[in-house]
Amino acid sequence: MTSSLHATPSASSTLAVEARHLVKRYGDLEVLRDVSLEVPEGSVTSIIGASGSGKSTLLRCLNLLERPNLGELAIADEAIRFDRTPQGDVVGLDRRQLQRLRAKVSMVFQQFNLWPHFTVLGNVTEAPMRVKGLSRRRANALAEHYLERVGMADKRDSYPAYLSGGQQQRVAIARALAMEPRLLLFDEPTSALDPERVSEVLSVIRGLADEGRTMVLVTHEMAFARDVSDQVVFLDRGVVGVAGTPQDVFEDSEHERCRHFVAPAV
Ligand code: ADP
Ligand code: MG
């Protein structure tokens, strides 16, 4: 970020994510069709929409697990433009830029994806040591801090198989936090949990929102999305059907499919 006496118009609201005209295809299937999204620093965006509408694909594009075919993406101050050469190769990504960009983003998955052969502590320290080159001592300290934060410090020596789904997901959140990312992505973090385990994970996410973390959350928990979000995006067959405040999307939208989709929550 530049700082100068002559502030630019955008300087007052820094964007953590600026996605412009993203297109993602799998063969003939165009899954994202011209999706644009802005996420201000320190805000929470929820993405809602029917199964197959492209929510996971959009999240995976934001951390470059998938490469968009077209469009522009800026995460914090790292900007990339995706395009095709006449030969069909994707341009706009060199490896070091990809690594820098990935280091700014952490993702939490529906199925937790903990490493089964590592303890809780090992799960949280692995990436800080391997990707960021932290010493074991520093990585342990960081892990203890974030395990405490999610209420899992007393399980540091347990293996994932001995934890409930809610506990595993809280460890996965600590693992994401230990990378100290600029942006946290959640892809249906409570969808694989028993109903009585959902609230312990949602309350951790709410706590992170309250401390001003920048987050993009795909969820079917409509009441939670309405409550915790600064912005809600209704994704509809690969395009942004409606985007706005929770009020705009859950109450005032005139978009037919959006109204239908959110109806049970209203
Ligand atoms: P959502 O998360 O909203 O349910 P997804 O982003 O997972 O939607 O999928 C959107 C569409 O893209 C679906 O039709 C799905 O089958 C398709 N799709 C997702 N990933 C792949 C892939 N790796 N290869 C081919 N098709 C895919
Ligand atoms: Mg999905």
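**Terms and their grounds**

Author: Ligand 1 has around it Tyr26, Leu29, Val31, Gly49, Ser51, Gly52, Ser53, Gly54, Lys55, Ser56 and Thr57. The model is a predicted one.

Reader: How do the residues of the shell around ligand 1 divide into nonpolar, polar and charged?

Author: Three are nonpolar, seven polar and one charged. Gly is counted among the polar residues in this division.

Reader: Why is helix 1 called largely enclosed by the rest of the structure?

Author: A residue is buried if 20 or more other C-beta atoms lie within 10 Å of its own. Six of the eight residues of helix 1 are buried, and therefore the helix is described as largely enclosed. The buried residues are Lys55, Thr57, Leu58, Leu59, Cys61 and Leu62. After helix 1 comes Leu64, with a positive phi near 65°.

Reader: Why does Leu163 count as partly exposed?

Author: The class lies between the buried limit of 20 or more neighbours and the exposed limit of 12 or fewer. Leu163 has 18 C-beta neighbours inside 10 Å, so it counts as partly exposed. Leu163 is placed in the loop between helix 4 (136-149) and helix 5 (165-177). Setting aside residues up to four places away in sequence, Leu163 touches Lys155, Ser158, Gln168 and Val171.

Reader: Why is Gln97 counted as partly exposed?

Author: Gln97 has 14 C-beta neighbours inside 10 Å, and therefore counts as partly exposed. This residue, Gln97, belongs to helix 2 (residues 95-103). Beyond residues up to four places away in sequence, Gln97 touches Glu78 and Ile80. From Gln97 to Asp248 the C-alpha separation is 36 Å, and the two are 151 residues apart in sequence.

Reader: Which residues of the largest nonpolar core touch the most other members?

Author: They are Val124, Tyr146, Ala174, Leu185, Val216 and Phe234, in a core of 72 residues. Apart from neighbours within four places in sequence, Leu185 is in contact with Leu59, Leu62, Asn63, Val105, Met107 and Val216.

Reader: Why does the radius of gyration of the protein chain agree with that of a compact globule?

Author: For 266 residues, a compact globule would have a radius of gyration near 18 Å; the protein chain has 19 Å, and therefore the value agrees. The C-alpha atoms fill a box of roughly 50 × 45 × 45 Å along the principal axes. The protein chain has nine helices and 11 strands, and buried residues make up 41% of its 266 residues. Among contacts between residues at least 6 apart in sequence, 64% join residues at least 24 apart.

Terms used: Residues numbered from 1 in each chain as written. Chains lettered and ligands numbered in written order. Predicted model: local features only at pLDDT ≥ 70, side-chain atom pairs only at ≥ 80, totals over all residues. Helix = DSSP H or I, 4+ residues; strand = E, 2+ residues; numbered from the N terminus. Rg over C-alpha atoms; globule rule 2.2 N^0.38 Å. Contact = placed C-beta atoms within 7 Å. Near = placed C-beta within 6 Å. Core = buried A, V, L, I, M, F, W, Y, C linked by C-beta atoms within 7 Å.
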